Amino acid sequence: MTSAMNPYELLRIMHNPAIDTLIRNSPNPITNPNDDPDTKDVNSNPINKIKIRNFKPPQSQQNHEQLFPMILYSTIFYNFSKSMGNQLSTKVLSVKYRLASEHRLPASYEDVVESLIWVQKQVLDTMNGEPWMRNYGDFSRCFVMWCSAGGNIAYQCFSGASELDLTPITICGLILNQPHYGGVERTSSELRLVNDERVSLVVNDLLWELALPIGVNRDLVYCNPFIDENLERKLRFISRCLVAFSKRDPLVVRDIEFAKMLEGKCVEIMNWIEESGFYGMAHTDQNKVEQLFKVIKDFIFSEV
């Protein structure tokens, strides 16, 4: 299927295939942690330039006895992360992982798993560990959350980290907001929304082309979890998962089938289906943000 859309223009990127790099004209501003006394950046891996943005709970919610559930999320959405921590009374850690095409999969998976190990080290190091982690974070209630491509990363990260000894950290669940999956065979929603203004089929194909290892197609486990030969082993470590999706998202069929797959493997599933939503709705529509926060709060605190 062809389209007149130029995916590079829509994504505001330019690709240099000779050295496999991107020029990004990103609409997301880079925020300085020095502008906010309740945030600071920590270099968890200086060699790979991996940073974790550490959010302190708001002063009005702090006391000497309360510890906050922790959410691992993505640095690029600063305002979303800040609002989520404030409104949900949670301690948010945002990971700035390596990006494709310069660092193709599984680089981002490895970075997020490494970030969890960094968090563990802060807990265990009672002398020199990051004080905001020990003072505010409840390590017995940790959640891995991401949106879109990050939803894919969160799932793969949890699958990889679940076989590690992260004591005393306990990951209580996955929160996947419109997770991004793919495959060679087209789904009915991809065909129905082939020219979607946010993630058309040609844009989706280009995203995978730039993210996957060179020379493979979309039927790779990084993209298509349904073909994973180690699925049974991975899923036995996932007990609870929230999956949020929208009927007007071209990827909705894959998300629904993914949730069904988890449920079929005895994973406790909470679904949030937004009938009038769209791809990326939680970062562009404030009403959808408020609705999503409510669902996430119910999911997190139903564990208490």
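Me: What percentage of the 304 residues in the chain count as buried?
Reply: 54% of them do, where buried means under 20% relative accessible area, exposed over 50% and partly exposed in between, with a 1.4 Å probe and protein chains only. This is a predicted model, in which local features need pLDDT of at least 70, side-chain atom pairs count only at pLDDT 80 or more, and totals for chains, interfaces and linings use all residues. Residues are numbered from 1 along each chain as its sequence is written, and side-chain values use heavy atoms, with hydrogens and water left out.

Me: What is the radius of gyration of the chain?
Reply: The chain has 19 Å, which agrees with the value near 19 Å for a compact globule of 304 residues. The radius is taken over C-alpha atoms, and the globule rule is 2.2 Å times the number of residues to the power 0.38. Along the principal axes, the C-alpha atoms fill a box of roughly 60 × 40 × 40 Å.

Me: How many helices and strands?
Reply: Ten helices and ten strands. They are DSSP runs numbered from the N terminus: helices are H or I with at least four residues, strands are E with at least two.

Me: Take H2. Which of its residues are buried?
Reply: H2 spans residues 78-88, and the buried ones are Tyr 78, Phe 80, Ser 81, Lys 82, Met 84, Gly 85 and Leu 88.

Me: And what do those pack against?
Reply: The buried residues of H2 pack against strands E3 (39-45), E4 (50-55), E5 (68-74), E6 (91-96) and E7 (137-147), and against helix H10 (286-301). Contact here means heavy atoms within 4.5 Å.

Me: What follows H2?
Reply: Ser 89, with a positive phi near 55°.

Me: Switching to Asp 138. Where is it, and why does it count as buried?
Reply: Asp 138 is in strand E7. It counts as buried because its relative accessibility is 13%.

Me: Which side chains does Asp 138 have polar contacts with?
Reply: Its side chain makes one of 2.6 Å with that of Ser 140 and one of 2.9 Å with that of Arg 141. A polar contact is a pair of N or O atoms within 3.5 Å; within protein, one must be able to donate a hydrogen and the other to accept it, and residues adjacent in sequence count only if both atoms are side-chain atoms.

Me: What about Glu 130, buried or exposed?
Reply: Glu 130 is buried, at 10% relative accessibility. It is found in the loop between helix H3 (107-124) and helix H4 (131-136).
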